[in-house]
Amino acid sequence: MPMKAIKIALADCSQEHIGKQTERPLWEALKERGAEFERPDWEDESVDWASFDVVVVRTTWTYHRARERFLSWVGEVAAVTALHNPADVLVWNSEKSYLKDLEAAGVPVAPTVWFERGDTVDLARVMEGRGWSSGLIKPLVGAVASDTHRLREGEDSAGDAEAFLNARLKDQAMMLQPYLARVESDGEVSVMLIEGEATHAVRKLAVAGDYRVQDEHGGKDQPVDLDPSLVALSKLATSVAPGAEPPLYARVDFLFDDEGCALVNELEVIEPMLFFQHSPGAAAVFADAILGLGRV
């Protein structure tokens, strides 16, 4: 007797995204396998998530604007059906403090100063104490380089950077890292993994003089060969995520320090763009992995 087809939700959002082109190979791979799937908006309260056998979080690219509501949604969905990545993984990854866990496990990350919501910071004093002449200010919850500020010696006003930081600390936790200038020449390299195995990699390059590699800021991406050393670091990073098994899907982003050493910039296991337009074969691997969830 043939196995009953599973009903799949690829959780989306209502906002239009250039990134939809990156998901199309996955949709085509699922269609080729006869899979039944929908792409409901995670914020649509009329969706009956219990009607799906599997919910895979894909393009919920508005979640960072409403983190608490998103995490509530995660809990609600996980209570009624299979959710991937699992709820504990999504919660853990929803704030960049997970980088502390990566560092504790031996994953190379950029040195970071953490600031709590409500702090008031003497930025020049912090920078001097660290011996940094440049820095990058980031939020703990963000996407596509939102609420970031670059401070470079001789170029930017330390007073402006401090004002930027303290204004945002009124409402959210923030972080400070040294500015890794090689992003302007080497870009950011991302390694994609499905069920813990690397499938493909891309290099993302910013426009001249910028550090933001995302499409929204004019960045470009191109496929590159998988680097065994980056693959090994990617597997180490994903092994730190909660759970006995590796996440169903993950993306590990790397920047490079002044000596060219790789540092994990982010581990994305909520709604990473997986750049399937550069590797339809990887989309097929992902489709098979999703369908395999219905046979567990």
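Two strands pair if DSSP finds at least two bridges between them. By that rule, an open sheet of 4 strands has the order S5-S8-S6-S7, with antiparallel pairing. This is a predicted model, in which local features need pLDDT of at least 70, side-chain atom pairs count only at pLDDT 80 or more, and totals for chains, interfaces and linings use all residues. Residues are numbered from 1 along each chain as its sequence is written, and side-chain values use heavy atoms, with hydrogens and water left out.

**Overview**

- The protein has 9 helices and 13 strands. Helices (H or I, at least four residues) and strands (E, at least two) are DSSP runs, numbered from the N terminus.
- Of its 296 residues, 52% count as buried. Buried means under 20% relative accessible area, exposed means over 50%, and partly exposed lies in between (1.4 Å probe, protein chains only).
- The protein exposes about 13500 Å², and carbon and sulfur atoms supply 48% of that area. Accessible areas come from the Shrake-Rupley method with a 1.4 Å probe; for residues, only the protein chains shown count as cover.
- Take the contacts between residues at least 6 apart in sequence: 69% of them join residues at least 24 apart. Contact means heavy atoms within 4.5 Å.

**The open sheet**

- In the order S5-S8-S6-S7, strand S5 (113-115) and strand S7 (149-151) stand at the edges. Each has a single partner strand, so one side of each is left without a neighbour in the sheet.
- The twist averages 20° from one strand to the next. Axes are lines fitted to C-alpha atoms, for helices over the stretch in contact, and angles run from 0 to 180 degrees between N-to-C directions.
- Strand S6 (residues 135-139) and strand S8 (residues 174-177) run antiparallel, joined by 4 bridges. Ile 137 has Leu 176 in S8 as its bridge partner.

- Strand S9 (residues 188-194) runs antiparallel to S12, with 6 bridges. Here Val 189 stands opposite Phe 254.
- Strand S13 (residues 262-268) is also antiparallel to S12, again with 6 bridges. Asp 253 has Glu 266 in S13 as its bridge partner.
- The hairpin of S12 and S13 has 5 residues between the strands, and Gly 260 takes a positive phi near 85° there.

**Asp 12**

- Asp 12 sits in the loop between strand S1 (7-11) and helix H1 (20-32).
- Asp 12 counts as buried because its relative accessibility is 4%.
- Its side chain makes polar contacts with the side chains of Arg 39 (2.9 Å) and Thr 59 (2.6 Å). A polar contact is a pair of N or O atoms within 3.5 Å; within protein, one must be able to donate a hydrogen and the other to accept it, and residues adjacent in sequence count only if both atoms are side-chain atoms.
- Leaving aside neighbours within four places in sequence, the contacts of Asp 12 include Lys 20, Pro 40, Asp 41, Trp 42 and Thr 60.

**Backbone exceptions**

- Most residues other than glycine have a negative phi, and most peptide bonds are trans.
- A cis peptide bond joins His 84 and Asn 85, with omega about -5°. Asn 85 lies in the loop between strand S4 (82-84) and helix H3 (87-93).
- Glu 195 is not a glycine, yet has a positive phi of about 50°. This residue is in the loop between S9 and strand S10 (197-205), and is partly exposed at 46% relative accessible area.
- Phe 275 is not a glycine either, and has a positive phi of about 50°. This residue lies in the loop between S13 and helix H9 (280-293), and counts as buried at 4% relative accessibility.

**Nonpolar cores**

- A nonpolar core is a set of buried Ala, Val, Leu, Ile, Met, Phe, Trp, Tyr and Cys residues joined through side-chain atoms within 4.5 Å.
- The largest core has 48 residues, and Trp 73 and Phe 286 touch the most other members. H9 gives the largest share of this core, 8 residues.
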